[in-house]
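Please consult the sequence and the structure shown below while reading this report.

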Amino acid sequence: MATPIIVQEARAEGLSPYRQLIQAGAHQWQADLPVSGGGQDLGPAPMELLAASLGSCTTMTLRMYADLKQLPLEQVRVELEWEKVEADGQRQDLIRRRIQLQGPLTPAQRQRLLEIAGRCPVARTLSQGVRLEDRLEP
């Protein structure tokens, strides 16, 4: 990753104790927990950010492929839902991704685009798992 992403607490009087400021290069936004989780819903929750990463990567990947192959894809919309489910006696995270493709696409083109959606970098990372290294800084 060329640009580090910096996340920092943004505690302020009268604001959510869980509000976070996020910076990636020149871009800044905030995250928070919903009211039901003790926050004030001032921004997306962490799992919403993760799902949004998957959705945006999916739509960008499909747009790039459609443009490259000159497919008549007019619009892509991805709807995502995240939940915990029971599978093989263990609780697991499940992200449901519903992809809507608009345009005069053939059934074969639609199927190929569905396959390509599974190849977006975020989908591949989530499917394969990720190695996480933690280190305390001075």
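The sections that follow describe a sheet, a helix pair and several individual residues.

## Basis of the description

This is a predicted model, in which local features need pLDDT of at least 70 and side-chain atom pairs count only at pLDDT 80 or more, while totals for chains, interfaces and linings use all residues. Residues are numbered from 1 along each chain as its sequence is written, and side-chain values use heavy atoms, with hydrogens and water left out.

## The three-stranded sheet

Three strands form an open sheet in the order E1-E2-E3, and their pairing is antiparallel. Strand E1 (5–9) and strand E3 (27–31) are the edge strands; each has a single partner strand, so one side of each lacks a neighbour in the sheet. From one strand to the next, the twist averages 20°. Helices (H or I, at least four residues) and strands (E, at least two) are DSSP runs, numbered from the N terminus. Two strands count as paired if DSSP finds at least two bridges between them.

E1 and strand E2 (residues 20–24) run antiparallel and are joined by five bridges. Within this pairing, Gln8 has Leu21 of E2 as its bridge partner, and Val7 has Ile22 of E2. Five bridges also join E2 to E3, and these strands run antiparallel. Here Leu21 stands opposite Gln30 in E3, and the bridge partner of Ala24 in E3 is His27.

In E2, Gln20, Ile22 and Ala24 make up the covered face, whereas Leu21 and Gln23 make up the uncovered one.

The hairpin of E2 and E3 has two residues between the strands, and in this hairpin Gly25 takes a positive phi near 65°.

## Ser16 in the loop between E1 and E2

Ser16 belongs to the loop between E1 and E2. Is Ser16 buried or exposed? Ser16 is buried, as its relative accessible area is 0%. The classes are buried, under 20% relative accessible area, exposed, over 50%, and partly exposed, in between (1.4 Å probe, protein chains only).

When residues up to four places away in sequence are not counted, Ser16 touches Asp32, Gly38, Gly39, Gln40 and Leu42. A contact means heavy atoms within 4.5 Å. The side chain of Ser16 also reaches the backbone nitrogen of Tyr18, at 3.1 Å.

## Helix H1 and its partner H3

Two packed helices are described by the angle between their axes and the distance between the axes. The axes of helix H1 (residues 46–69) and helix H3 (residues 121–128) come within 7 Å and cross at roughly 130°. With that angle, H1 is oblique to H3. Axes are lines fitted to C-alpha atoms, for helices over the stretch in contact, and angles run from 0 to 180 degrees between N-to-C directions. Angles under 35 degrees count as roughly parallel, over 145 as roughly antiparallel, 65 to 115 as roughly perpendicular and the rest as oblique.

From H1, Leu50, Ser53, Leu54, Cys57 and Thr61 meet Pro121, Val122, Ala123 and Leu126 of H3. The residues of this contact divide into seven nonpolar, two polar and no charged. In this grouping Ala, Val, Leu, Ile, Met, Phe, Trp, Tyr, Cys and Pro are nonpolar, Asp, Glu, Lys and Arg are charged, and the others, Gly among them, are polar.

Pro46 is also placed in helix H1. Pro46 is exposed, with a relative accessible area of 51%. Apart from residues up to four places away in sequence, Pro46 touches Asp32 and Leu33.

## Loop residues with positive phi

Asp41 is placed in the loop between E3 and H1. Phi of Asp41 is near 55°, a positive value in a residue other than glycine.

Gln70 has its place in the loop between H1 and strand E4 (75–87). For Gln70, too, phi is positive in a residue other than glycine, near 55°. Gln70 counts as exposed, at 72% relative accessibility.

## Asp93 in strand E5

Asp93 lies in strand E5 (residues 90–102) and is partly exposed, with a relative accessible area of 45%. Leaving aside neighbours within four places in sequence, Asp93 is in contact with Trp82, Glu83 and Lys84.

The side chain of Asp93 makes a polar contact of 2.9 Å with the side chain of Trp82, and a polar contact of 3.2 Å joins the side chains of Asp93 and Lys84. A polar contact is a pair of N or O atoms within 3.5 Å; within protein, one must be able to donate a hydrogen and the other to accept it, and residues adjacent in sequence count only if both atoms are side-chain atoms. Asp93 and Val76 are 17 residues apart in sequence and 25 Å apart in space, C-alpha to C-alpha.
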